[in-house]
Structures are given as C-alpha cells and as structure tokens.
Amino acid sequence: MKSYVEWYPIFIMLAIDFAFAISNILLKKIILDGMSHLVFITYRQSISTIFLAPIAFFLERNTRPKLTPQILCNLFLSAIVGASLTQYLFLLGIEYTSATFSCAFVNMVPVITFLMALPFRLETINIKHGSGIAKLIGTLICVGGAFILTFYKGIPLIHFSDLQYVPPSSDAAISSSKIKERWILGSLALFAGTFLWSSWFLLQSFIGNQYPCKYSSTVIMTFFSAIQSAILTLSIDRRLSIWIPKEKIDMLTIIYTGLIGSGMCYVGMSWCVKKRGPVFTAAFSPLVQIMAAMFDVPILHEQLHLGSVIGSAIVIAGLYFLLWGKNREMQKVVHETEEKKDKELTFKDLETNSESRLP
C-alpha cells in the first residue's frame, strides 16, 4: 500500500495536465470569439471561488490556522503571480502567436523553476550521487527538447484531405512587419508569463509551510485574483457589453476552467508542491502540449509537425531522468530519517536498561 501512496502525486499531476490540455483547447475558442481576456479571468476566478469556498469551510474548519497580515499579503502576491497576471500574459501570447507556440514556452517552466529553486535551497544538486547527476541530466535534456519544440518546426506529418486551402483576402491580409511585431510582443508576453508561473511554484512552497490548508489558500488566492482582474477591466473598458459571453460554448468554457482549471487543479498542484516540492510539480508542465495535441490533431485538425514529435519525445526522456533523480533523493532522505529514529530508539532503550539496573 505504501508503494501506491508514493505514486499519488504522479497520478494527480497527470490528471491536472490532462485537465489543462482541455482548457487550452477551449481557450482557443474564447480568443477567436473576441472575449476580453480580463473579463474571462474575472469570471473564471469568481466561479472557482464560489465552488471551493464551501468545500474549504467544511473540510478545513477545525484545522485552519489564523490568518495573519503576512499570510494575506503572500496570498495576494500569489494571486498576481500565479493567476491574474500569468493568465493574462498567456492569453495575450496565444492571441499574438499561436496556441502550439505558447505551449512550447510552458516546457521551459521545469527548468526555470529548478534554476530559481537553487538559490533558495529548495533544490540541490549533488553530482557525487546518482540522483544529483540524474536531475542535472534530466534538466539539460528538458532544455534541449524545449528548444526543439520552440525553434524547430519540421515537415508536416499529417495531411487532411477534407481541408482545402483558402487564400486570405486582401482586406484581411496583414503586413509582414506587423506580423513580426505581434509575434515578438507575443513571445515577450509568453516569456514573462513563464517566469511568473515558475515563480508561483516557489512562492507556493513558502505559503504551504505558513498556511497548509490547500483549499482555503486556493479560495483566498482566486478571490484576490477575481478582484484584481475586475478592477483592471473596469479601469480599461467600462462597457457592459464586454461582460456578456457571445456564444454558449464560451460560458461552458468559463465554467470548466473555473471549476477545474482554477479550482481543483490549483488545489492539486498546491498539494503536490507540499508533498514533492516545486520542481517535481513543475516538471509535468511539458506534458500539457503533448496531451493537447491528442485533441488538436483528430478533432480540430491542427497540423502535427516533426519538430513537435521529436521535441516531445526528448522532453519526456528528460522528465523521466528528473523524476527518477527526485525519487532516489527522497528514498535516501527517508532511509536516513529511519536510521536516525532507530538510533534514537536504541539509545533510549539503553538508557532505560541502565536506569533499571541502578539500585
């Protein structure tokens, strides 16, 4: 039974990545329909807050520690870093580039998180042990795979006979300089979003120690995020029409991403960060693109290129090395802890025996 428990974080992260992959596909429809990014984030975070609030109240009412100003400030910062600003930057990046290209930036998250965790001593690399070498090799392999996903497109692998090419009209055509400018802005937005997303994993590890209630912390974070997004929306555009979804699928997307994407997924990631650390949790981010392709190709008829296949395979290999090193490292810590406890028990037994022999 103990061996199955050790696999729980892996199963949970696989389920989270699957849910995020579906969210990314639904987000494409939101962007195409022209819905305001900040309005979408406001709705999404509000639904998540309403959904999780009663769960947090009943499940954690007896274990919830006192909220201090410091914890509230950290949760407010967590809302900016992990929800409001990050989601806005990624939506902006998807609009200016493409969904596939934005997913490629997410593949950088494990590496950036790992490098950022080193100065805070949340992660260590001991090249004298196999686990440290595996983590280093896995990180470098993930970097290589992420670069291939980002910069190498390759030949198309699938040809859809039922699709015909429709040349763009002269009115809809955009100048090459304008396209290049939008692509650069989108890339910068995605890079900033990736950096913030990596920072959230580190911030969450500190919050988990201060306020270990995963449901309550997620509720407070999504509540702050909804307020932040609403204030920004009203300060930019005060038209009431932007708050009305244009299609039914848009409302379903908001509900799904609110309940699952910003609700249960954030709870699950917070739990995994507490159990296995920020790097372990972030290491699963590249799988989102691979899972999204499983839907994009057969359902949405998006093209699959050779670079995506090669890069994804390399990322999976690097992920395996990184997780293997983390697992060996954890086994070593558990073994050392058990040995320490055994020594303490032996020492106590000797003390008890010596005291019983005294007259």
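In which hand does α2 pass α3 in their crossing? Keep that question open while you load the predicted model.

**Whole chain**

Start with the protein chain in cartoon view. It has twelve helices and zero strands. Along the sequence the pattern reads α-α-α-α-α-α-α-α-α-α-α-α. Now colour by burial. Of the 359 residues, 45% are buried. Contacts come next. Among those with a separation of 6 or more, 91% join residues 24 or more positions apart.

**Helices α2 and α3**

Select residues 37-59 for helix α2 and residues 69-96 for helix α3. Their axes lie 10 Å apart, and the helices pack at an angle of about 135°. The two are therefore oblique to each other. An angle has to be over 145 degrees to count as roughly antiparallel. Here is the answer to the opening question: α2 passes α3 in a right-handed crossing.

Show side chains where the two helices meet. On the α2 side, pick His37, Leu38, Phe40, Ile41, Arg44 and Gln45. On the α3 side, pick Ala83, Ser84, Gln87, Tyr88, Leu91, Leu92 and Glu95. Colour this contact by class. You will find seven nonpolar, four polar and two charged residues.

**The loop between them**

Go to lysine 66. This residue sits in the loop between α2 and α3. Is lysine 66 buried or exposed? Lysine 66 has a relative accessible area of 72%, so it is exposed; the cut-off for exposed is over 50%. Lysine 66 and tyrosine 211 are 145 residues apart in sequence. In space, their C-alpha atoms are 8.6 Å apart.

**The largest nonpolar core**

Next, move to the largest nonpolar core, which holds 53 residues. Select Met13, Trp197, Trp200, Phe201, Met269 and Phe284, the members that touch the most others in this core. Then highlight residues 176-210, helix α7. With nine residues, α7 gives the most to this core.

Zoom in on methionine 13. What does methionine 13 touch, leaving out residues up to four places away in sequence? Its partners are Met269, Cys272, Phe280, Thr281 and Phe284.

**A second core**

Finish at a second, separate core of 13 residues. Select Ile31, Val39, Ile41 and Ile242, which are among its members.

Terms used:
Residues are numbered from 1 along each chain as its sequence is written. This is a predicted model: local features need pLDDT of at least 70, side-chain atom pairs count only at pLDDT 80 or more; totals for chains, interfaces and linings use all residues. Side-chain values use heavy atoms; hydrogens and water are left out. A nonpolar core is a set of buried Ala, Val, Leu, Ile, Met, Phe, Trp, Tyr and Cys residues joined through side-chain atoms within 4.5 Å. Buried means under 20% relative accessible area, exposed over 50%, partly exposed in between (1.4 Å probe, protein chains only). Helices (H or I, at least four residues) and strands (E, at least two) are DSSP runs, numbered from the N terminus. Contact means heavy atoms within 4.5 Å. Axes are lines fitted to C-alpha atoms, for helices over the stretch in contact, and angles run from 0 to 180 degrees between N-to-C directions. Angles under 35 degrees count as roughly parallel, over 145 as roughly antiparallel, 65 to 115 as roughly perpendicular and the rest as oblique. A crossing is left-handed if the near helix is turned anticlockwise from the far one by less than a right angle, and right-handed if clockwise. Ala, Val, Leu, Ile, Met, Phe, Trp, Tyr, Cys and Pro count as nonpolar, Asp, Glu, Lys and Arg as charged, and the others, Gly among them, as polar.
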